[in-house]
Amino acid sequence: MLSIVKKVLYIGDNIKLVEALLPINSTSANDISIVHYVCVNEIETIISEDNYHHLICDRPVFNAVKKRITEKYPEMQCLYLTDEEPCLDDVSILPPAMTVGISDEVKSALDCISIPLYYKDLQGFIIYCNTYFSQIFGLLPDDLIGQLLDKVLPDGIVDKVKKSTLRMFNDDHYVRLLEFEMRDVTGIKREFLIREEVTDDSDHQIGMLFDSSEMNAAKAAIEKERVMLRATANLSSDLIFFKDLESRFIGCNKQFEEFVGCPEADIIGKKDDQLFELNQAKMCQAQDTQAIENNEIYANNEFLTYNNGEKHYIFMQKVPLEDKEGKVQGLIAIGRDITEKSIIKKQLKLANAVFENSRDGILVTDNKGMVITANDACLDIAGYTKSELLNQNIASFAYGGDYRRLFINIERALKNKGKWQGDVTFYTKKGDLGYFWLEVYQIKDSETEIDNRVYSFTDLTQNKYNEEKIQYLSKHDSLTGLNNRIALFNHLETAIARSNHKQIPMGILFIEIKGIKAINERHGHNQGDLVFRGVAKRLKQSASDKDYIARIGDDQFVLVIDEFDNEQVIALIARQIAQQFSETMTIEGVAVDLSLSIGISICPDDGMDVDMVLSNAETAMLRSKRDKSSTYHFYTNELTVHSTHQLARENELKLALIEDQFEVYYQPQYDLNKRRVVAVECILRWHHPEQGLLLPERFLMLAEQSGVLIELGIKMFTQAAKQAVKWHASGINFGRIALPLSKLELSQLSLIGSIQKVLLDTGAKANWFEFEIEESLFRNDLYRVQENLFNLSRLGIALTVEGFGAERSVLYSIDKLNIDKFKISKHFIQGVPGFLAGEAMLKSVFVLANSLGIDVVGETIENDPCLTNDKIPVSDKWNNQKEVMTATEATFYLRCNKRK
């Protein structure tokens, strides 16, 4: 009957073999526990530790061991797959005499020592070993006694070990060290060290066997860490080295080797004074002492000289190395070369100092124009604080409507050339306008993705003001602010050329002020300077904005009138200037009476170049000084006489206004289409006390030149309004009263107000009147003229186009203005008779007027064959006389010619 197997001890390499050899009965293979060992060393100890039912071994086992196992464990079935025994060639039994030298006491003592020990004779036979030694091989001490040590060790170990045998001499004995590798009883490969001591007078050797596996593994790990540490240190560009407590080098990296100039092997064990010059060595050792003795980290910047003689700026750190107990065992040092960084730092510091202390404003933006930073000069120029300026777009400070184009041009230049420069204007925080020379540079780095703009502003504002001031002073009198002689000559050259080109005369007034010298002598030059400024102010008040005034001497001035209609305009200005200086001037409480003399020359009549017209004007001024009858003289004597005569007429005209010497006459206005009188026109007459009744041609131009035309027009309208009220109250149908309105009157801001006042004062209605406007005025670009025309239309006053047929501009104003009539020009009508084309033209006017709902009128039809035909009654022909009538005559005429 087969026994049941539950626990099996197998020693060998083929575990699958166990399943094939097991005598399996009813028990499943899953119930069998197999304990597997590879080596037979200590097989008896292994069996004794557990209750095995079966032993299967395919390793060689000593027969003596097999016998003992059978005797001790008779119930355990043993299966040895090989009958071979461990190879112990040349094994011989030691004679009893060989073990005599080792007493039992020594043997007992050796068994108590945990160090594997053995004794062998000079031939190499083991004469004794303790248990710890035999257990390494999985045997008992008795199994090894008498065996050659070389045979006990693995095959070939001795030959390999002999080559590495180290002999150490010490007086009368030597020590031999044997290192080898061998698998232990568990099959694990381990490292061992045999130490044998031999004395000269002894016949045996004492050996100890050490398991150096852990120590060698630790050494290997340390070496690996050392190699890794070295490799890691070599990756660093810093200087790295290690020192012991004596400040000796115990390791370094490759960079430190280059610094010293020799390999690590030549550096280890040396001190600083053996590698560096004395001062540098002392400095390094003092640092080591500070770090080690105080157990503190040393860190500082220092200059170190490399082996090639170059000095480098090094940031040195030395850190104490402590063991587990916290005791310092050395130090590690790391030196970083910051030479380049230091240079860059100094450069940056210098650049920052330049940036902050630059007199030019420097501003940095990103690629979108947002401000990143700005220096103090920029802040002072702009008037902003840094916090106010940051994150603002630089375009918001630009000036001008086309500033966007400026930044487009800047970006285009940066893209093509990397820089831009030019003159720009920017607003400050206070709203002041600044002038700058701007240079813009692009700072771009693809690695850091930086794309900034640097704006450098050179403030030219003061230079601009100085330049303008110099420019101003070069052309102006510093005392009065008037133009100086140089500016006058330049202006005259241009003005004379323009006058010749346009065929329009130009006038030059040479003015000399008398009485200023006495002011200087009496009250001092400061008071005299104030008088000069007062003179300049009065001259400006007498001239228009387009006239040119210059001071050419102490008390001499020149006024240039570029364009004028006739000489009376010049004379009028001269009289206005004389009037200004006829009044006493008060300067700081001091009354100043001045007089002047004015000489006038006309270009081109009195000269065609600068010197001649000025010289002739001065000649005329000198004549004025001699002739006390007039304050001004023309260079041409006849003009002076005529001007004097005109002055007398002006005075008479002003007197006539005061004494109501003007009377409004009336003339019928004939509708050419309706063939009847539709209105009466106002025509002004002057009852001159000496010359009798004067027509408008004799005084209207003089009225306009002397400035009384506006007053005269209002007086005429007032008389017409009063007459209209009378006719209306008497039931007389007069249609409308037509009055002429000149360009000068239409240009007045007060025109509408004055008309409304007359209507209000007289009680007249606006629709009783119509104003005759020259056709050319409808295309006038003056805003005031157009505004007054529109307001007259809104007021209800009809507008008649005077002289229709000469212009086409009136057609564009029909829709928006209350145009009621076309008044045909006399010249247009007088050119019609006898010409078929002219008759057709006249008929075309009627067609146009009819289509627009506008009447066509004329002053008279007498002697006009085109307008007279048999259809017109004789009485109508007679009634349409061309002679003007007084108010009484007009009343009678209107009563006799009532409209049907």
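What pLDDT does the protein chain average, and what share of the residues score at least 70? The model shown here is predicted, and its protein chain averages a pLDDT of 80, with 82% of the residues scoring at least 70. Among the elements of the chain, strand β11, which covers residues 239–244, has the highest mean pLDDT at 93, whereas helix α31, covering residues 874–879, has the lowest at 30.

Two stretches deserve a careful eye. Over residues 860–882 the pLDDT is below 50, although the model still gives this stretch 31 contacts beyond near neighbours in sequence. Over residues 90–100 the pLDDT likewise stays under 50, and here the model has 15 contacts beyond four places in sequence. Where pLDDT is low, the predicted coordinates should not be read in detail.

We can now turn to a set of strands. Strand β18, made of residues 419–427, and strand β19, made of residues 433–445, run antiparallel and are joined by 9 bridges.

Why is the pair of F662 and F699 called tilted? The centres of the two rings are 5.5 Å apart and their planes meet at 55°; planes count as stacked when under 30 degrees apart and as edge-to-face when over 60, so an angle of 55° makes this pair tilted. The pair links distant parts of the chain, since F662 belongs to strand β28 (residues 662–671) while F699 lies in the loop between β30 and α24, 37 residues apart. Both F662 and F699 are buried.

Elsewhere, F241, F249, F256, F259, F276 and Y306 form one aromatic cluster.

Finally, some rings have a charged side chain over the face. R551 lies over the face of F532, at 4.2 Å from the ring centre, and K7 lies over the face of Y52, at 5.8 Å from the ring centre.

Terms used. Residues are numbered from 1 along each chain as its sequence is written. Side-chain values use heavy atoms; hydrogens and water are left out. Two strands pair if DSSP finds at least two bridges between them. Helices (H or I, at least four residues) and strands (E, at least two) are DSSP runs, numbered from the N terminus. pLDDT is the predictor's confidence in each residue, from 0 to 100. Contact means heavy atoms within 4.5 Å. Rings of Phe, Tyr and Trp (its six-membered ring) pair if their centres lie within 6.5 Å; planes under 30 degrees apart count as stacked, over 60 as edge-to-face and the rest as tilted. Buried means under 20% relative accessible area, exposed over 50%, partly exposed in between (1.4 Å probe, protein chains only). A charge sits over a ring if NZ of Lys or CZ of Arg is within 6 Å of the ring centre and within 35 degrees of the ring normal.
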